[in-house]
Amino acid sequence: MYYESLKSFPDDFLWGASTSAYQIEGAWDEDGKGPSVIDMAQHQEGVTDFKVASDHYHRYKEDVALLAEMGFKTYRFSIAWTRIYPKGTVEINPKGIEFYNNLIDELIAHDIEPLVTMYHFDLPYALQDKGGWSNRETIDAFANYAKTLYENFGDRVKYWLTINEQNMMILHGDAIGTLDSNLENPEKELYQQNHHMMLAQAKAMILCHQMLDGAKIGPAPNISAVYPATSKPEDVLAANNFNAIRNWLYLDMVCFGRYNSVAWSYFEEKGYVPEIQEGDMEILADATARPDFIAFNYYSTATVEASRGNDDAKNSTGDQQIVIGEQGVYKGHTNQYLEKTEFGWEVDPVGFRVTLREIYSRYNLPLIVTENGLGAFDKLEEGDVVNDDYRIEYLKKHIKQCQLAITDGVELFGYCPWSAIDLVSTHQGSSKRYGFIYVNREEFDLKDLRRIKKKSFYWYKDVIASNGAII
Ligand code: BGP
C-alpha cells in the first residue's frame, strides 16, 4: 500500500537502543559474579573473549550520559543472572544488586526508561553443570531469579523482557544455546529445553503480574517474515513450515498458551516431541502468563524453497541469520532481490514492515523492536571521526518502514536498534561493530577503550529530537 501521507510516530514513542550484559559489561569475574556458559565457552580463534568487552561495568555513568545526550527515551540492557546469583540460585550477591541499582538510578536520573532483559544467552554455568535447560530445576531457578529482580528493581523498572531470542537458542542450539551436540538425538533434547524455557517464561510472567502493579512484560524472540523462493505451491508450503517452526511456535505459546499445530506435527514426524508433565499445560495456558506486549529482534527476512531429495543439511549453522534447511521440511534459499552486509546478512527493510504487520495481525498486541542494525568494520579516522554513513542508510530505511507500519495500523511503541554502543559480537568479535558510539579497542589490543561519537550518533540524536520526523 502506498500512502499520500504517513502517520507520525506517537508522542511517547520509546526511541532508544539495546545491549546485553556479557557483550558490553566486561568485569566477568569481578565483585562476586559467577561464571556463565559464555565465560566458560571455547572461543573461536582470532576472535576476542568477553572478559573486558566494552568495560561498561566500570564506565556505565559515562555511557549513560552519552545515551542521554542522544536523547534516548529508553535503554534496553540485560541483567547478568550470574551477578545476581553467582551459582544460578540460592545465594544472592549484594554487589550485583548494587550495580544494577546504580545503573537503573543513573538512567532514571537522565529520564531514560529502563527496558530490562532478564536473560540474554548467559545461563549460569553452575546450572549448566547440572544439565542446564534439560534439567527442570532450571525452570524454578529462573522463576526465583525473576522474583528477585522484581523485588529489587520492580519499584523503578516498568518494562521487562523474559528471554532473548529463545528461538535462536533452539534453532542454533550448539552455536548460541547450551546444547551438547554429542547427544544421540540433539534436536529432541533441544525441544525439551524449549519446553522448559517456555515454562520458565510463563512462571516469570505470572509472578510479574502478581507482584508488580502496572509493570509490563513481554518475550523477545527474533522474528522475520519467511518468503517462498517462488510461487510454486510446494515452496509456499515450505515457507509455511519454516514460519511455524522459526516464528509462531514461540509466539503462539506465549500469546495463546498452546503449541502451534504445524510445529507439533513436525515434532511428531521427527521424533522431537517433548515430555510434558502433569500441570505444565495449565501453567502455559494461565491467563496471567500472557504478555502485555511483544518485543522482537529483526535483522532480515528468510527465504526458503521446498526440500526435495536428501541434499539438505541439518538446520543449524553457527550464524543465526543464515538458513540452511531441514530434510523434508524446508531449504534455505538466497534471495536474489536483496543486498547483503559485509557479514553475509541479507538487508530487507520492506520485509521489516511485512514482519511488523504479520506479528500485529496475528496477536493484536503492542509491539516494540528490541534489535535491528548493521554490523560493519568501522574505521576510526583522524581527529576521532567515524563516518558510518552505511549504518545511517540502513537505519533510515528501517525507521521509514516502521512509520509505514504505523500508518498500516500497527501499534508500535518503541524502536531500539542494536547496539547503543560498540560491543563484542556474539561470534565475530569486537571488530564487527553496531554502535552509535565507537569503543576504542581492537580484537586483542584493549587500547584505552575510550568512547567516540560516530556520525550516526549525531544523526540519531536529530531523529529522536524530531520524533522521527527527520530521518
Ligand atoms: C542477536 C543477539 C545479539 C547480537 C545480535 C547481532 O541475535 O540477540 O546478542 O549479538 O544478534 O549478532 P552478531 O553479534 O552475531 O552480529
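D31 sits in the loop that links α1 (21–24) to α2 (37–40); helices (H or I, at least four residues) and strands (E, at least two) are DSSP runs numbered from the N terminus. The model is predicted: local features need pLDDT of at least 70, side-chain atom pairs count only at pLDDT 80 or more, and totals for chains, interfaces and linings use all residues. Residues are numbered from 1 along each chain as its sequence is written.

The average pLDDT of the chain is 95, and 97% of the residues score at least 70; pLDDT is the predictor's confidence in each residue, on a range from 0 to 100. The scores of the model are ipTM 0.99 and pTM 0.97. Where pLDDT is low, predicted coordinates should not be read in detail.

## Backbone geometry and loop residues

D31 is not a glycine, yet its phi is positive, at about 50 degrees. N364 also has a positive phi without being a glycine, with a value near 55 degrees. N364 belongs to the loop between α13 (349–363) and β13 (367–371). A cis peptide bond, with omega about 5 degrees, connects W418 to S419. S419 is part of the loop between β14 (412–415) and β15 (437–439).

A80 occupies the loop between β2 and α4 (81–84). The C-alpha atoms of A80 and Y119 are 7.1 Å apart, although 39 residues separate the two along the chain. If neighbours within four places in sequence are left aside, A80 contacts A21, Y22, E25, K33, S36 and D122; a contact requires C-beta atoms, placed from the backbone, to lie within 7 Å.

A residue is buried if 20 or more other C-beta atoms lie within 10 Å of its own, exposed if 12 or fewer, and partly exposed in between, with C-beta atoms placed from the backbone.

| Residue | Other C-beta atoms within 10 Å | Class |
|---|---|---|
| D31 | 14 C-beta atoms within 10 Å | D31 partly exposed |
| A80 | 28 C-beta atoms within 10 Å | A80 buried |

## Helices α3 and α5

Two packed helices are described by the angle and the distance between their axes. Helix α3 (residues 56–70) and helix α5 (residues 94–109) have axes that come within 10 Å and cross at roughly 5 degrees. Axes are lines fitted to C-alpha atoms, for helices over the stretch in contact, and angles run from 0 to 180 degrees between N-to-C directions. The pair α3 and α5 is therefore roughly parallel; angles under 35 degrees count as roughly parallel, over 145 as roughly antiparallel, 65 to 115 as roughly perpendicular and the rest as oblique.

On the α3 side the contact involves Y57, Y60, K61 and V64, and on the α5 side F99, L103, E106 and L107. The residues of this contact between α3 and α5 comprise six nonpolar, no polar and two charged. Here Ala, Val, Leu, Ile, Met, Phe, Trp, Tyr, Cys and Pro count as nonpolar, Asp, Glu, Lys and Arg as charged, and the others, Gly among them, as polar.

## The parallel sheet

Strands of a sheet pair through backbone hydrogen bonds, either parallel or antiparallel. Two strands are taken as paired if DSSP finds at least two bridges between them. Five bridges join β2 and strand β3 (residues 113–119) in the parallel sense. F77 faces V116 in β3.

## The mixed sheet

Another open sheet of four strands runs in the order β6-β8-β10-β9 with mixed pairing. Its edge strands, β6 and β9 (325–326), each pair on one side only. Strand β6 (residues 226–228) pairs with β8 in the parallel sense over three bridges, and V226 has A302 in β8 as its bridge partner. The pairing of β8 with strand β10 (residues 330–332) is antiparallel, over two bridges; there K331 in β10 is the bridge partner of E305.

Strand β8 (residues 302–305) is covered on both faces, with A302 and V304 buried on one side and T303 and E305 buried on the other. Helix α10 (residues 233–256) lies across β6, β8 and β10 and runs at about 165 degrees to β6.

Terms used: Contact = placed C-beta atoms within 7 Å.
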